[in-house]
Structures are given as structure tokens and as C-alpha cells.
Amino acid sequence: MDGAAPRFTTLGCRLNAYETEAMKELVAEAGLENALIVNTCAVTSEAVRKARQEIRRLRRENPEARIVVTGCAAQTEPDRFAGMDEVDLVIGNAEKMRPETWAGIAKGPDFIGETEKVMVDDIMSVRETAGHLIDGFGTRSRAFVQVQNGCDHRCTFCIIPFGRGNSRSVPAGVLIEQIRRLVGAGYNEVVLTGVDLTSWGADLPGAPRLGDLVTRILRLVPELPRLRISSIDSIEADDALMRAIAGEERLMPHLHLSLQAGDDMILKRMKRRHSRADAIRFCEEARRLRPDMTFGADIIAGFPTETEEMFANSLRLVEECDLTWLHVFPYSPRPGTPAARMPQVEGGAIRDRAARLRALGEAQVAQHLAAQAGRSHRILMESPRMGRTEQFTEVDFGSDQPEGQIVTATISGQSDTRLRAD
């Protein structure tokens, strides 16, 4: 692999994928060669196990390459990864976004230090915003824009704040200029993304809210056809955001909610800030303001102390909130989190509950798809024969359509997970 361009492996969330794209630019500028960069995830113990497994595979297949490990698992467990014989260098989440880090790595071990294997600082001390912005990550039709990083909350199951640090926001003016460039480059949809999106602005002068950012983007970038929001914490949805949902057709009618559970006692033990009634009330209000609104949600199966009755409340919440797109997470303990010290649910019960949640999710998707028959949708084409509706539903076409463009089509049928259009 001598002289070869670096290769990247990305595990985990959309934000990790965004940051990998940013790292590619930084690594290219540094002139780094013969390296494999693994951008890890720490959201579950299984995610860390998969990262270690991937590193071993990469070493077997690339015995001469330098392996650099970064991301949330590297940030939270640097010594564990440094202890792997396959790993040459471990760098933190802040370090991976700095040009000088990659410039130093490109100069070789003499620059870094013969015995130095870990470059991970205290992520809680990081104050700068998501510094290295990139234009054009995503498909040729949809671009993702990182508006925020980190999280100030401390849910009992979550290790992510210790991998990402406290919340910090990108100023609105910087984001608007970036979105203008993206629209000028031909993107018809922009997705706002972050670790805790609804905390955007709390650290900026005047403490603006996410709704203020959405409103400002839509007002100052009138040529942007579609603006989409990724995962939000519904209890933090501000009045300006709700007004935008009601009155801004260019804001897409799809929200992914960080709900996690449908039982009040479990939510309390998770240290969530909403109740079951709060979640139902938000969904009812959002759908009243925007009748075509669809919801996705994160739900954890088998959180410590969860009884069958408590789990049944999560199942009922899916129907009461009319959730369509479920991300189901079987609970796994993360060392260092309070939930890991709570009485654990037996593994078989966790797997069974996760399977039941997924089955309910599939039924909800089928119901949503069936309701679209005969309806006309504006569909953003991600490839010549596949696009997404404003509600984020995938649509297959029988003939080629202009990739990256928004087409209007009537729904003629469905498969298990997609619509079909004429």
C-alpha cells in the first residue's frame, strides 16, 4: 500500500459520516499516505466491539498500513484501542478536526514522538464550534450541514457527551453562507444535523433557538427548495420552530424524535426531560399544525428495571404517537454510565422486546405506505430510479428520472418498505 491514498472506515451516526468527509479534506491537504483511518462509534458496547473487530480485519488485509483510530470510542476508551497491537495511533474527536493533527501524522513517528500513541485531550474543555465545514456531503441531491456538536445533558444510558463534549453551536451567519453555496452548487435539499440539535444557539450571543435558525435560513436563502431537520428532542421544540412547522412549506414534514421509551418511570430512570404525555402532546400538536407530518423515533428495548408492563407502554406509545420510522436499540450497558449499575434485564427478554418493537415498526410502515396509494407527491430523486417524498419515504420508479431534481408523481403501489410511482 506504499504511496496509496488513505482509506476511511466510518462507523455510527450521520455526524460521524459528515466528519469523515471533513477529515478526507484535511488528510489530503496534509499529504498523508499509506494510512487507514477508522472513525468509531461508542453509542453501545456492541458498537465498540464492532470497531475493534473492524480494526483487526483491516490489519490482516493491510499489514503494512498505518492504522489511525478516532471517533467517539477512541475518545471515551483511548487506552483500550491503544492497547491493540493492530493500532498505530489513537486521536480524539477534537484532534481529528484540526489540520495540524494530520500534518503532524503525515510527517511520521519522529514528529509525533516514538512512544506517543494517544493524542486525546479533555473533550469537555473544547469550546470552539464545529470548525471544519464541508460543502456537499450526502447524495448529489441532499446535503448535510453540521450546525451543532456535543450535548449538555446526561441521560443515564448515554456515553456520547463524554465522546463529544458539551454543546457548542455554529453561528447562523456561517451556516447561511454555507447553505447558499450548497444551493448554488445544485443541491435541492439541506439537512440540519448535530448531536443535540434543539440545543443549538444556547451558547451563542442572545441564545437564539433552533426555530430562529430555521426561520432565518428559509428567509435568507429563498432559493433553497427543501430544508429538513434531523433528530430532535421534542421537549425542547420552541415556539418559532412550531410556527415554522405550521407555515413553512419548504420545511419538510418529517421529524425524528429522541423518545427512547414510553413509560414514565423508565423515562425518569433514563433522566429524560419529557414524560409520556409530553411526547403524545407534541405529536398531536405537530400533526395539527401540519397534517401530513410523519415521525420517526429512537426507542430502547430492555432498559434496566424495565418490566413487561413498562415495555407495553413503549409499544402503545408507537401507536398513540403514530410513529412511522422506528430506530430500535436493544439496551446494552456502557461502562461509566449510571444505567450500567442498575439492575439489568435478561438478554433474551431484551432481544424479544426489540424484535416486537421492530415488528410493530414494520406494521406502522406498511400502514403509512398503504395510505399513500393514489396520492401525488413531490419526490427528490437520489438516483435515476429512487427518490424520497417530503415525509422521507423512499419511492421506486420504473423509468429513469433526473437525478437530484424534484419530480411530481402519483403513487401506484408499494413494496415492503417503499412506494412505487408512475
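**View 1. Helix 12 passes helix 13 in a right-handed crossing.** In this predicted model, local features need pLDDT of at least 70 and side-chain atom pairs count only at pLDDT 80 or more, whereas totals for chains, interfaces and linings use all residues. Residues are numbered from 1 along each chain as its sequence is written, and side-chain values use heavy atoms, with hydrogens and water left out. A crossing is called right-handed if the near helix is turned clockwise from the far one by less than a right angle, and left-handed if anticlockwise. Helices (DSSP runs of H or I, at least four residues) and strands (runs of E, at least two) are numbered from the N terminus. The axes of helix 12 (residues 276-289) and helix 13 (residues 308-320) come within 10 Å and cross at roughly 15 degrees, which means that helix 12 is roughly parallel to helix 13. Axes here are lines fitted to C-alpha atoms, for helices over the stretch in contact, and angles between N-to-C directions run from 0 to 180 degrees; those under 35 degrees count as roughly parallel, over 145 as roughly antiparallel, 65 to 115 as roughly perpendicular and the rest as oblique. Arg276, Ala279 and Ile280 of helix 12 make the contact with Asn313, Arg316, Leu317 and Glu320 of helix 13, where contact means heavy atoms within 4.5 Å. Three of these residues are nonpolar, one is polar and three are charged; Ala, Val, Leu, Ile, Met, Phe, Trp, Tyr, Cys and Pro count as nonpolar, Asp, Glu, Lys and Arg as charged, and the others, Gly among them, as polar.

**View 2. Helix 13 packs with helix 14 at an angle of about 15 degrees.** The axes of these two helices are 10 Å apart, and the angle makes helix 13 roughly parallel to helix 14, with a right-handed crossing. The contact brings together Glu308, Phe311, Leu315, Val318 and Glu319 of helix 13 with Arg353, Arg356, Leu357, Leu360 and Gln364 of helix 14, and by class it has five nonpolar, one polar and four charged residues.

**View 3. Leu357 lies in helix 14 (residues 347-370).** Leu357 is buried, at 0% relative accessibility, where buried means under 20% relative accessible area, exposed over 50% and partly exposed in between (1.4 Å probe, protein chains only). Not counting residues up to four places away in sequence, Leu357 touches Ile299, Ala301, Phe311, Leu315, Val318, Leu326 and Val328.

**View 4. Helix 8 (residues 172-184) and helix 9 (residues 210-220) pack at an angle of about 40 degrees.** Their axes are 10 Å apart, and this angle makes helix 8 oblique to helix 9. Ala172, Leu175, Ile176, Ile179 and Arg180 of helix 8 meet Leu213, Arg216, Ile217 and Leu220 of helix 9, a contact of seven nonpolar, no polar and two charged residues.

**View 5. Val214 is one of the residues with the most contacts inside the largest nonpolar core.** This core has 57 residues, and Leu192 and Phe282 are also among those with the most contacts inside it. Leaving aside neighbours within four places in sequence, Val214 is in contact with Leu192, Leu227, Ile229, Leu241, Ala244 and Leu251. A second, separate core of 23 residues includes Leu11, Leu58, Ala82 and Val87. A nonpolar core is a set of buried Ala, Val, Leu, Ile, Met, Phe, Trp, Tyr and Cys residues joined through side-chain atoms within 4.5 Å.
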